[in-house]
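I'm opening a notebook on this one. Here is what I looked up, entry by entry.

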Amino acid sequence: MVIKAKTNSAGLSVIQCPGKVLVKPAPVFLVGSNISITCVSIEQNCDINEFELYRNEKPIQMERFNKTAAHHWMINVTTQDSTIYCYIECVDGAKELVCVASLQPGYPPDQPKDLTCIWRHSKMMCTWIAGKQTFLETYYALHIQSEGTGKEQIFPTNLRSSSVTVPGDHLQKAVIYRVWIQAENALGNATSKHLTFSLNDIVKPDAPMITKVEFLNNSVPKIIIHWRISTNAECQFEIRYRIISNPNMRWTLVAKNTFIISGNSGYFYNWEPFKEYEFQIRCNLIKSNNYWSDWSKSFINKTPEAEPGGVLDVWSSCEPIKPNKRKRIIIYWKPLHPQETRGIILGYRIFYQQNGPEMTIRVCNVSETQYSWQTPWTPDNIFVTAFNSKGDSTPAMLHIGESNMMAPRNLRVIPAGDSGIYVKWEPPHEVSEPVLGYVVDWREAADNNKQLLNWKRLPKDNHSLFLGQSSSLQEYLAEGRSIKPRKRYNISVTAMYQKGRGLSCSAQGYSIEGKPTTGPNVSVLKIAGQQVLLKWGEIPLEEQHGFITNYTIYLKRGTDGSYLVPYNVINPTVRTYWLTLGFDDVYIVYMTATTAAGEGAKGADLTIRQDHYSIALPLQLSVAITVPSAFLLTLAFAKSVRQRIKSMCKIFLPGWAQEKFPNVENSNVVKGLQRKDEVPFLHTAALLVYNDPPITEVEETLLPRTNKSFIQTVHRNSKQQIEKATFENPIADISEAHNSGLSQPNEDTEIMGYKPQASSRCQLVVLSPNDDESIPNTGNNLVKVYKELSTPGFDRFPDISTIDGILDLNTDLASNHNGKQDDQNYILKKEEDQFPVNEHHRTYITEGLLQEQTLLPDEFVDCLLHLEDDSTHIKSYFPQIVASQ
């Protein structure tokens with residue numbers, strides 16, 4: 001290939017071709033034209049064998065005219081920037097470039113439109129719209145001609161520019177000018193329309209600058225705008241605004257008749273609370289009235305707060321608390337829409353009305369969306385409001401509790417993908433009043449706190465709802481969380497009436513079910529021979545991932561690891577199953593649960609071993625325990641056996657263990673009285689020296705009927721003997737007094753319970769039937785009579801010591817607390833004529849000690865006198881000194 005180059009006068013290298021490429025009609029042509037390309041070789045350095053033509057390095061087939069030229073036709077050429085290369089191929093195989101040509105399809109210029117010229121800052125700037133692209137080099141020029149002189153000035157523009165600036169020193173303000181734009185390229189030229197004006201007509205003022213915006217919240221919201229302008233000429237103004245928080249809102253132009261201007265300020269009405277507003281202003285010279293200034297820079301300001309608008313969306317649930325019969329009411333609410341807050345929400349207020357005034361239940365902070373209230377009673381209606389610094393929103397009313405109105409029917413929960421549940425229901429049947437709407441609420445079934453996930457209100461004509469992610473992000477964020485796959489949800493639909501909420505219908509469902517992640521834990525509940533009763537618990541709800549349709553029990557031998565036929569429990573509510581297992585073998589049992597998604601993971605293994613020893617051992621133990629128990633029970637119910645055992649035990653037991661009565665000296669009652677000192681006439685010393693006499697059985701010998709008159713005679717003379725009798729305290733302490741004169745009991749004698757009659761430091765002396773046998777007094781103790789103190793006593797003291805075989809009395813002689821014997825005289829007196837029987841008796845006390853009755857009561861004597869049949873009356877023991885106190 002041979003290419004020659006030469007250098008021109010400008011120093012640029014130009015390709016010198018040994019031929020030429022002819023393009024007809026021209027290298028620059030209208031887009032879509034048909035052109036002819038001819039390649040002619042002028043300097044022949046070899047014998048030409050063939051012509052080759054390339055368009056953008058792609059070969060094109062040529063038609064040869066003669067030995068030195070070839071031709072090619074191109075139809076409907078639209079491709080821009082095409083370059084044509086023409087080569088010749090010599091006979092010897094050499095290739096030489098003939099020449100190169102460029103194809104430039106394009107368009108002629110359009111007529112320039114919308115020519116505008118403005119005078120600003122001592123210069124004129126003109127702009128226009130060039131039209132469609134020409135794909136060619138097109139030149140534009142501004143022509144200015146004075147109408148007075150006809151002088152024309154041309155101001156060319158830069159290539160592809162649509163504006164030109166004319167300095168002010170080329171123009172005069174008083175002259176009328178005619179102005180137009182001339183466009184020209186290789187395919188043609190075009191001229192714009194002419195403009196005629198003076199410089200005063202095209203003046204454009206500078207944009208004003210907003211300095212202040214005020215918001216007045218009177219009866220009608222009012223906006224006052226202040227601005228500053230650079231010219232002193234009389235102008236007219238326009239204001240426009242928009243709310244920044246709403247990106248879709250366009251500019252709003254304040255109408256001229258609503259915008260009142262006073263100097264460099266103006267005002268108009270109507271603004272929304274707590275919104276960010278963007279304001280702009282522009283002006284126009286009244287005299288020219290041609291061009292408005294540019295819009296000023298934006299001025300942004302926020303309107304003040306107002307009380308919240310709208311009403312909260314509220315819902316509630318109520319459940320009883322059994323221990324204290326209180327109710328737990330959970331109140332839910334959704335935050336207001338940003339368009340309704342009209343300020344910064346500070347919190348929520350929950351209250352009810354009782355006979356007029358409002359009673360506040362709780363004021364919640366702005367982050368709370370629910371409140372749990374425990375109350376023993378429930379108001380009919382509860383109100384919830386949102387509040388800001390300016391006040392509260394309109395109260396939202398909640399009807400607490402359910403009425404007897406009908407609930408929706410045939411609630412169906414249909415899975416709808418990974419994050420959606422479709423709910424359908426039918427309206428209530430035969431309602432007494434029309435349904436106003438429905439409320440659908442749902443929550444996770446595995447949530448122990450039973451927190452409401454979301455709820456939605458629907459009009460009365462809607463009988464279905466898709467639970468899942470909302471269509472818009474803003475609605476999704478306002479309403480709550482989306483539905484999760486493999487989570488069970490409790491769904492309720494409630495019908496709303498004029499009187500409040502009706503009954504609800506509920507169901508459970510999944511968006512999509514999964515396999516259980518664990519199996520039931522099985523255990524042995526009962527073994528009966530080869531029969532083994534298995535028991536298993538329910539899988540935790542969060543691990544079920546679906547509704548369980550059946551359970552499968554797998555049984556494997558422990559010896560060889562072989563599986564037996566699995567057992568299928570088709571009723572998912574069953575928790576027990578009987579298995580038949582062979583003896584002397586080990587079995588491994590585990591279970592799985594199945595849902596609509598398939599069989600889940602296996603549960604824990606249970607090892608079971610069945611052998612003869614495990615069956616016989618419980619039977620042997622039961623026999624070994626039952627037989628001795630039956631023998632012991634037989635002995636316990638036999639009276640003779642009990643008495644024999646009792647007598648044997650007495651030999652080995654200590655004496656204190658055989659006592660029938662407690663030790664009153666250590667009695668808590670006596671110790672308590674000593675600490676409190678509640679007995680004013682009983683000294684502490686008396687209690688310290690008090691000793692309960694030894695227990696002695698008193699034997700009663702019943703007399704034959706012939707001796708009855710004798711006992712009556714003794715009873716009649718007892719009063720006279722008592723008046724003459726005196727008592728003497730012995731010098732030595734005597735633990736027991738024995739009456740040797742009493743005969744042994746005969747066959748009619750019966751043992752009677754003992755009731756001690758002796759008081760502290762006193763001994764009852766048996767009276768002799770002879771009047772001359774009296775006990776002398778050893779002391780001259782004074783006798784004090786207390787008539788004011790009334791104590792229970794007896795009025796007669798019969799002398800029955802002479803009755804042989806009747807009564808054996810044993811008394812205890814107590815000693816004083818100093819270990820010395822004090823001689824005291826106790827005189828008991830009773831005047832029968834002054835104090836009849838069963839009335840209050842007089843009590844005699846010496847030396848501060850209480851003297852109580854020491855002889856038998858009248859009732860006992862009367863019993864002896866009138867006793868016809870054998871009888872025994874056993875009385876329980878209780879010390880009388882304590883009883884009297």
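**Notebook: rings, strands and neighbours**

I started at Tyr577, which is partly exposed, with a relative accessible area of 26%. For my own use: buried means under 20% relative accessible area, exposed over 50%, and partly exposed in between, with a 1.4 Å probe and protein chains only.

Before going on, I noted that this is a predicted model, where local features need pLDDT of at least 70 and side-chain atom pairs count only at pLDDT 80 or more, while totals for chains, interfaces and linings use all residues. Residues are numbered from 1 along each chain as its sequence is written, and side-chain values use heavy atoms, with hydrogens and water left out.

**Entry: the whole protein**

I looked up the overall counts. The protein has 12 helices and 57 strands; these are DSSP runs numbered from the N terminus, helices being H or I with at least four residues and strands E with at least two. Of its 885 residues, 39% count as buried. I then checked the contacts, meaning heavy atoms within 4.5 Å. Among contacts with a separation of 6 or more, 67% are between residues 24 or more positions apart. The accessible surface comes to about 51,200 Å², and carbon and sulfur atoms own 51% of that. That area comes from the Shrake-Rupley method with a 1.4 Å probe, and for residues only the protein chains shown count as cover.

**Entry: aromatic pairs**

How many aromatic pairs does the structure hold? I found 23. Rings of Phe, Tyr and Trp (its six-membered ring) pair if their centres lie within 6.5 Å; planes under 30 degrees apart are stacked, over 60 edge-to-face, and the rest tilted.

One of the pairs is Tyr107 with Phe135, tilted, at 6.0 Å centre to centre and 45° between the planes. Tyr107 sits in the loop between strand 11 (95–106) and strand 12 (113–119), and Phe135 in the loop between strand 13 (123–129) and strand 14 (139–146), so this pair ties together parts 28 residues apart in sequence. Tyr107 is partly exposed at 27% relative accessibility, and Phe135 is partly exposed too, at 42%.

Then I came back to Tyr577 and its partner Tyr567: their ring centres are 5.7 Å apart and their planes at 50°, so I put the pair down as tilted. Tyr567 belongs to strand 46 (residues 567–569) and Tyr577 to strand 47 (residues 576–580), 10 residues apart. Tyr567 is partly exposed, with a relative accessible area of 26%.

I also found one aromatic cluster made of Phe215, Trp227, Phe237, Tyr241, Phe259, Phe268, Trp271, Tyr277 and Phe279.

**Entry: charges over rings**

My test here: NZ of Lys or CZ of Arg has to be within 6 Å of the ring centre and within 35 degrees of the ring normal. Lys334 lies over the face of Trp455, at 4.7 Å from the ring centre. Lys602 has its charged end over the ring of Tyr590, 4.5 Å from the centre.

**Entry: strands side by side**

I count two strands as paired if DSSP finds at least two bridges between them.

Elsewhere, I followed strand 9 (residues 69–77), which pairs with strand 5 (residues 33–41) in the antiparallel sense over 7 bridges. Ile35 has Met74 in strand 9 as its bridge partner. Strand 8 (residues 63–64) also pairs with strand 9, antiparallel, over 2 bridges. Arg64 has Ala70 as its bridge partner there. Strand 8 and strand 9 form a hairpin with 4 residues between them.

**Entry: two single residues**

Is Leu606 buried or exposed? I have it as buried, at a relative accessible area of 17%. Leu606 lies in strand 50 (residues 606–610). Leaving out residues up to four places away in sequence, Leu606 touches Val522, Ser523, Val524, Leu534, Tyr587, Ile588 and Val589. Its C-alpha atom is 8.4 Å from that of Asn521, 85 residues apart along the chain.

Ile154, in strand 15 (residues 152–156), is partly exposed at 48%.
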